[in-house]
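Good morning, and thank you for coming. Please look at the sequence and the structure on the screen while I speak.

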Amino acid sequence: MPSPIYRVIVEYGYRKKGSPRHYKYKIIDTFVLTNNIEDIKKDKTLLNRMTREVGSKNKELEFTFKNIYVEGQYGETVY
């Protein structure tokens with residue numbers, strides 16, 4: 001049974017875990033398999049993409065979500 005694919009635009013902040021410095025903010029435009037905001041925040045694939053976009057070799061990062069905009073359904077998966 002195919003599941004829907006949604007396009008989302010996520011504005012997020014990141015910093016090294018335990019750092020007292022303020023968050024640095026970026027925007028990522030990507031696709032997820034749910035339109036539920038709480039599920040998007042916990043999505044492992046999205047967190048891995050954000051870590052890769054930051055370009056940090058340090059895997060211990062804290063993320064905060066400033067804004068999550070679900071644009072709409074863009075299709076369905078084939079699996």
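Aspartate 29 is partly exposed, with a relative accessible area of 43%. Please keep in mind that this comes from a predicted model. What does aspartate 29 form with arginine 7? The two residues form a salt bridge, and their closest N and O atoms are 2.4 Å apart. Arginine 7 lies in strand β1 and aspartate 29 in strand β2, so this pair links distant parts of the chain, 22 residues apart. Arginine 7 is itself partly exposed, at a relative accessible area of 21%. That value is only just outside the buried class, because buried means under 20%.

Arginine 7 also meets the side chain of glutamate 71 in a salt bridge, at 3.1 Å from N to O. Glutamate 71 belongs to strand β3 and arginine 7 to strand β1, so the pair ties together parts that are 64 residues apart in sequence. With a relative accessibility of 33%, glutamate 71 counts as partly exposed. Taken together, Arg7, Asp29 and Glu71 are linked in a network of salt bridges. As a general point, side chains of opposite charge can pair when their charged atoms come close.

How many salt bridges does a search of the whole structure find? The search finds six. Another of the pairs is glutamate 60 with lysine 17, whose closest N and O atoms are 3.9 Å apart. Here the link is between loops: glutamate 60 sits in the loop between α2 and β3, and lysine 17 in the loop between β1 and β2, 43 residues apart. Glutamate 60 is partly exposed, with a relative accessible area of 45%, and lysine 17 is partly exposed as well, with 49%.

Let us now turn to the strands themselves. In which order do the three strands form their open sheet? The order is β2-β1-β3, and the pairing is antiparallel. The edge strands are β2, residues 24–32, and β3, residues 61–76, each of which pairs on one side only. On average, neighbouring strands of this sheet are turned by 15° against each other, direction ignored. Strand β1, residues 4–16, is joined to β3 by 13 bridges. One example is tyrosine 14, whose bridge partner in β3 is phenylalanine 63. Helix α2, residues 44–54, packs on the sheet and touches β1, β2 and β3. The direction of helix α2 makes about 135° with that of β2.

My last topic is the nonpolar core. In soluble globular proteins, nonpolar side chains tend to be buried together. The largest nonpolar core in this model has 14 residues. Which residues have the most contacts inside this core? They are Val10, Tyr12, Ile40, Met50 and Phe65. The elements that give two or more residues to the core are β1, β2, α2 and β3, and β1 gives the most, with five residues. Leaving aside residues up to four places away in sequence, valine 10 touches Lys26, Ile27, Ile28, Leu46, Phe65, Asn67 and Ile68.

Thank you for your attention.

Terms used. Residues numbered from 1 in each chain as written. Predicted model: local features only at pLDDT ≥ 70, side-chain atom pairs only at ≥ 80, totals over all residues. Heavy atoms only, no water. Pairing = 2+ DSSP bridges. Helix = DSSP H or I, 4+ residues; strand = E, 2+ residues; numbered from the N terminus. Axes fitted to C-alpha atoms, helices over the stretch in contact; angles between N-to-C directions. Contact = heavy atoms within 4.5 Å. Core = buried A, V, L, I, M, F, W, Y, C linked by side-chain atoms within 4.5 Å. Buried < 20%, exposed > 50% of the residue type's maximum accessible area, 1.4 Å probe, protein only. Salt bridge = Lys/Arg side-chain N within 4 Å of Asp/Glu carboxyl O.
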